[in-house]
Amino acid sequence: MEFKTVSTVGLGYIGLPTAAVFASRKVNVIGVDVSPHVVDTINKGEIHIIEPELDGVVSTAVAKGYLRATLKPEAADAFLIAVPTPFKKDSDNGDHVPDLSYIESASRMIAPVLKTGDLVVLESTSPVGATERMSIWLAEARPDLSFPQDAGEDSDVRIAHCPERVLPGHVMRELVENDRVIGGMTPKCSDTAVALYKTFVEGECVVTNARTAEMAKLTENSFRDVNIAFANELSLICDDLAIDVWELIRLANRHPRVNILQPGPGVGGHCIAVDPWFIVSQTPELARLIRTAREVNDHKPQWVIAKVTEGVGKILQQNPHKTAADVKIACYGLAFKADIDDLRESPALDITQQLAEIHPGEVLVIEPNIEKLPTSMEGKAVLANTAVATADIHVLLVDHRGFKDQTKPEGMIVDTRGIW
C-alpha cells in the first residue's frame, strides 16, 4: 500500500520527530497540534523542543514542502496519534488511573476526515484496551464507516497500536534503527501498519495483536522502574548505614551476573514514571511488585528534601547568628534526565518546587537547557547561570554534562547522582 500523505496528531517529543522522519523520506506529512505556537514555529521551519538533529530535519522538510503543521486535521492516508496519556488520582481511593481524554479528543478530531482505506495508529503509551476504545470512539463519530471491532478483516478503516520506544537525546537515530512492536486489531490492520512504518524503520517490525503491543510498552518501562527502585532503595539503606552507595554499586557490579542501575532523585519522564500505574490500575491485586517499585521511586524526592532540610539545620547550628532566610540553596537541574529540556514528571522539578515553597531563603536554579522557569516557580526561585560561589547548599539533581565538567563546589552538597 502506498501512503502519499501521513498525518501526525500531536507534535511533541514523539510526534514531531516521527513527522520529520516521514517527511525526510519524501512523504507528505500534515502535523496537527492544538497549540498555535507549536504550529507557527514548525511552519517557520523551527522547533519548540530540544532534540539533537531534529532542527535540521524539520527545517529541510518544511523548506522542501514535505512537512507543514495545522490546527485542524485534514484528509490523509494514515493518521498517527501521539498525544499525552497522563494519569489522574481517583477521588475516592487516591489510586492512579489513566487519563485517556487526549486520545478521545484526538480521535474525535480526525473522525470527520476519515475515508475508506485509511489507517489509524495509536502511538501514545496506553493501558491495555486503549486502542480498542479509540476504535469505538471513531466508530461512534463515523457510523457510515466500518471498523475492526464490528467488521473484522473487512473493515473500512484499519486500526493498530505501535508504541514508541526511543531514548530522549537519541530519538532521531532510534526511530529509524530500533525494532517496532506493531499490534493491529486484525492481521490486515497489522500488515497495513507494517507497510507504513517500513517507510523509514530499518529495525524489525514485530507483529502481534493490539493488546499485547500495549502491554509490551508498559512491561518495558515497568521493568526499568523496578530496577531503578532497587537502586533507589539501596541508596536509602546505605545512607542510614553510613555506606557510600556509589562505591557499593561499583563493587557489586563486578559480579558477572549483577548489573545494578544508578540511584537518583526519583524517576521522571512521561513513560517510566507513568506507565507502571497503568498496569496497577487494571490489576491492582496482582501487580504488587510493580506498585511497590512505583511507591519507592515516588518517595525518593521527599527523602532528598529531608536531606536538604537537615542540611539547613546543620548550617544554622554552626552559625547561630544566621536565620533560615540567610541560607542560599542551589538546585542543579530541572529536567527528568541529563542533557534534555523535558520537564515531564521530573523529580528534580518537584524537589526544587517544594524547596522554593518551604525555604524562606533564596533558591537558585541552574538548568542550562531552559530559558525560563515554569510558571509555578516564578517569584519563588531564580534561574541562574551558576551558583558555585554564592550558595550554602548545592543540590545536584540532574547529571547534565556541564555539571560533570565543573569543579566540585564549596559548601554542603546533596548529590543525588554521584558525580561530585
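## The second largest pocket

The second largest pocket holds about 440 Å³ of space, a volume being the space filled by probe spheres set on grid points joined across faces, edges and corners. A pocket here is an open set of points on a 1 Å grid over the protein atoms alone, where a 1.4 Å probe fits, with protein on both sides within 12 Å along at least five of seven lines; its lining residues have an atom within 4 Å of a point.

## Basis of the model

The model is predicted: local features need pLDDT of at least 70 and side-chain atom pairs pLDDT 80 or more, whereas totals for chains, interfaces and linings use all residues. Residues are numbered from 1 along each chain as its sequence is written, and side-chain values use heavy atoms, without hydrogens and water.

## Lining of the pocket

Of the 21 lining residues, D239, W303, K307, V414 and D415 lie nearest the centre of the pocket. The lining comprises 10 nonpolar, 4 polar and 7 charged residues, with Gly counted as polar. Helices are DSSP runs of H or I of at least four residues, and strands are E runs of at least two.

## Helix 10

In helix 10 (residues 245–252), V245, W246 and I249 are buried (under 20% relative accessible area with a 1.4 Å probe, protein chains only; exposed is over 50%). These buried residues fall within an arc of 100 degrees seen down the axis, so they line one face of the helix; the arc is taken from the directions from the axis to the C-beta atoms. They pack against helix 9 (210–240) and strand 15 (412–415), contact meaning heavy atoms within 4.5 Å. Exposed R250 and L251 sit on the face turned away from the buried side.
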